Amino acid sequence: MTHDPQLARLGLFDARVPRYTSYPTAPHFGSAVGPGDFAHWIGAIPEGSEISLYLHVPFCRRLCWFCACRTQGTTSDEPVYAYVDTLLAELAILREHLPRGVTLSRLHWGGGTPTLLSADRMEALAEAVFDVAPMAPGGEFSVEIDPNEIDDARLDALARAGMNRASIGVQDFDPMIQKMIGREQSYALTRDVAERIRARGVASLNADILYGLPSQSGPRISDSVQKLLTLSPDRVALYGYAHVPWMSRRQQMIPSDAMPTPEERLSLFETARKLFLWDGYQEVGIDHFAKPEDGMARAQRAGKLRRNFQGYTDDPAPVLIGLGASSISRFPQGFAQNASATAAHTKAIREGRFSTHRGHAFAGEDTLRARIIEALMCDFAVSRAELLRDFDVTPARLDAMFQKAVGEFGDMVRVTAEAFVIPDRAKPLTRMIARAFDAYDTAQARHSSAV
Ligand SMILES: C[S@@+](CC[C@H](N)C(=O)[O-])C[C@H]1O[C@@H](n2cnc3c(N)ncnc32)[C@H](O)[C@@H]1O
Ligand code: SF4
């Protein structure tokens, strides 16, 4: 397969381009935002409104070599139980600050591996959450499930607590690749877990798989995708494997010389993409596929797709509160991030205060740029009229911003009287084009950042 050499020249294969799950991105948060701002922003949530809640569990029983998530391996239950106690205490503090009548449009448990909690801890945690804010009618409760770290008792506990969406980590079904990336998980096990999740009435199942893995080839990724399709997931996240061994030391176990070339990566993505499209999935954003009747696919068609720290979402809530070490919250006023180290987070919570240690209060053009970047990542286009309607910006200023991107990307972007558009052939460049609107991502910052 041949690829447009322009794509490579324009930075397609640069692993350091942000994934823009926020703007500004987390490396640009500063220490000016603290627990006082976080409490104040929570207090400003309108009474009776719907918000999103994220609970972070940064522990795993196994540490997969490929994984770039910040998570702690543990075989003993002690640190996990202590952490659950901290989450319960954090929920109690949140309860003191949260205005009356707030309900949850989304509740997500992620990590790490939230399913390493025991069934009784899961139930206690869910009960404490709903005591602070019950689910809104039609709300969605989703959990990241490692198929190796789940059993019937825990699935029953999650189902009783109201889990109605689940996400399973698959990565790749090829046994040789699984060995190379330190993540062994048989097809039979994954299929069995998917069936057991569905048997509990969970309406929607997501699966994560990766392209760009060592020794991955066209036939191998085709085989993996076809196996995945037999599980009929409602959504699929097809992430590009980020090989950053200088940041994630476990990845040093993976032979760098077995990594596909940038051109092969693109070809692997396209092979997988075609298989999903042939099977009737709808492409959503830069790296998701969903059944046409799925909420995320419907949101994309309606122009209502959003992007947050968990990736793409159809959640319309303007506030997302993240609990647990390193979790990030988003408010109309800005972002607030909890202390990253579990010990520092625990200490603050045990002292009865939030652990917020970094963040960003929106100022100047932040929200305008955030909207442009989110629209490009979700819709590959941004409407001039909508920006002029929603922001205090002149047509001349908007044009100057659009022309800067044209200067960098030439005919890989299109500016019309109505919109700034990323045409189909330039879609693989979306993150790079979004970066042209990032005022914090200076050449100097690029030099010192990683993924
Ligand atoms: C928190 S983890 C998954 C949850 C659960 N612990 C599991 O393993 O099934 C979320 C996802 O991040 C993705 N991920 C982790 N490391 C990555 C990397 N280096 N590059 C791209 N995606 C990665 C994987 O697809 C993974 O399923
Ligand atoms: S992939 Fe999942 S189980 Fe493996 S280290 Fe990452 S978070 Fe833990």
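Tutor: A polar contact is a pair of N or O atoms within 3.5 Å; within protein, one must be able to donate a hydrogen and the other to accept it, and residues adjacent in sequence count only if both atoms are side-chain atoms. This is a predicted model, in which local features need pLDDT of at least 70 and side-chain atom pairs count only at pLDDT 80 or more, while totals for chains, interfaces and linings use all residues. Residues are numbered from 1 along each chain as its sequence is written, ligands are numbered from 1 in the order in which they are written, and side-chain values use heavy atoms, with hydrogens and water left out.

Student: Which side chain has an N or O atom 2.8 Å from an oxygen atom of ligand 1?
Tutor: That side chain belongs to Q171. Backbone atoms take part as well: a polar one of A242 lies 2.9 Å from a nitrogen atom of ligand 1, and a polar one of G169 lies 3.4 Å from an oxygen atom of the ligand.

Student: How much of ligand 1 does the protein bury?
Tutor: Accessible areas come from the Shrake-Rupley method with a 1.4 Å probe, and for residues only the protein chains shown count as cover. Ligand 1 taken alone exposes 580 Å², of which the protein buries 88%.

Student: Which residues are around ligand 2?
Tutor: A residue is near a molecule or strand if one of its heavy atoms lies within 4 Å of it. Those around ligand 2 include C60, C64, C67 and R183.
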